[in-house]
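This report concerns the surface, the charged contacts and the aromatic contacts of one protein model. Please consult the sequence and the structure shown below.

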Amino acid sequence: MNTPQSMMIGWASLIAAAGVSYYYAKQEIDARRKLQRELGVRSTEKKEWYERLEQPASKATPANPPTEGAGSLIPPTSAKPPDKSA
């Protein structure tokens, strides 16, 4: 049955798993934001929510723009075009 000890073990394991998941997700998100900032896709200026609403739609950036690499439709810049001389 559900003894106090088994309840504590269950909650502790749930909290530990959530903490580890948060840590790795935060690392991946920070790395993606850094790459977008280096590529010039992500703006570095901080805005309030109402300033973002006032931003013209033509200058708005997509929430999750594609980046180079695995699972992306953008080929890596190191890729060479096929040789057509053959």
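## Overall make-up

The model is predicted. The protein contains two helices and zero strands. Of its 86 residues, 3% are buried. The exposed surface comes to about 8,100 Å², and carbon and sulfur atoms account for 60% of that area.

## Salt bridges

In total, three salt bridges are counted. Side chains of opposite charge can pair when their charged atoms come close.

One of these salt bridges joins Asp30 to Lys26, with 3.9 Å between the closest N and O atoms. Both residues belong to helix H1, where Asp30 and Lys26 are four residues apart, about one turn of the helix. Asp30 has a relative accessible area of 34% and is therefore partly exposed; Lys26, at 37%, is partly exposed. A salt bridge is also formed by Glu28 and Arg32, whose closest N and O atoms are 3.4 Å apart. Because Glu28 and Arg32 are four residues apart in helix H1, about one helical turn separates them. Glu28 is partly exposed with a relative accessible area of 43%, and Arg32 is partly exposed with 31%.

A salt bridge at 3.8 Å, N to O, links the side chains of Glu45 and Lys47. Glu45 has 52% relative accessibility; exposed means over 50%, so Glu45 counts as exposed. Lys47 has 29% relative accessibility and counts as partly exposed.

## The positive patch

A patch of positive charge on the surface gathers Arg33, Lys34, Arg37, Arg42, Lys46 and Arg52. Helix H1, which spans residues 4-39, supplies the largest share of this patch, namely three residues.

Arg37 is located in helix H1. Is Arg37 exposed or partly exposed? Its relative accessibility is 42%, so Arg37 counts as partly exposed.

## The nonpolar patch

Met7, Trp11, Leu14 and Ile15 make up a nonpolar patch on the surface. Together, these four residues have about 450 Å² of accessible area.

With a relative accessibility of 52%, Trp11 counts as exposed.

## Aromatic pairs

How many aromatic pairs does the structure hold? There are two aromatic pairs. The ring centres of Tyr23 and Tyr24 lie 5.3 Å apart and the ring planes stand at 75°, so this pair is edge-to-face. For Trp49 and Tyr50, the centres are 5.8 Å apart and the planes are at 85°, so this pair is edge-to-face. The angle settles the class because planes over 60 degrees apart count as edge-to-face.

The accessibility of the paired residues can also be given. Tyr23 is partly exposed, at 47% relative accessible area, whereas Tyr24 is exposed, at 52%. Trp49 is exposed with a relative accessible area of 62%, while Tyr50 counts as partly exposed with 41% relative accessibility.

## Summary

The predicted model has two helices and zero strands, and buried residues make up 3% of the protein. Its charged side chains form three salt bridges and a positive surface patch that includes Arg37. The nonpolar surface patch includes Trp11, and the aromatic residues form two pairs.

How values were computed:
Residues are numbered from 1 along each chain as its sequence is written. This is a predicted model: local features need pLDDT of at least 70, side-chain atom pairs count only at pLDDT 80 or more; totals for chains, interfaces and linings use all residues. Side-chain values use heavy atoms; hydrogens and water are left out. Patches are made of residues with over 30% relative accessible area and no salt bridge: like charges are joined within 9 Å, nonpolar side chains (Val, Leu, Ile, Met, Phe, Trp, Tyr) within 5 Å. Accessible areas come from the Shrake-Rupley method with a 1.4 Å probe; for residues, only the protein chains shown count as cover. Lys and Arg count as positive and Asp and Glu as negative; His and the chain ends are not counted. The place of a charge is taken as NZ of Lys, CZ of Arg, CG of Asp or CD of Glu. Buried means under 20% relative accessible area, exposed over 50%, partly exposed in between (1.4 Å probe, protein chains only). Rings of Phe, Tyr and Trp (its six-membered ring) pair if their centres lie within 6.5 Å; planes under 30 degrees apart count as stacked, over 60 as edge-to-face and the rest as tilted.
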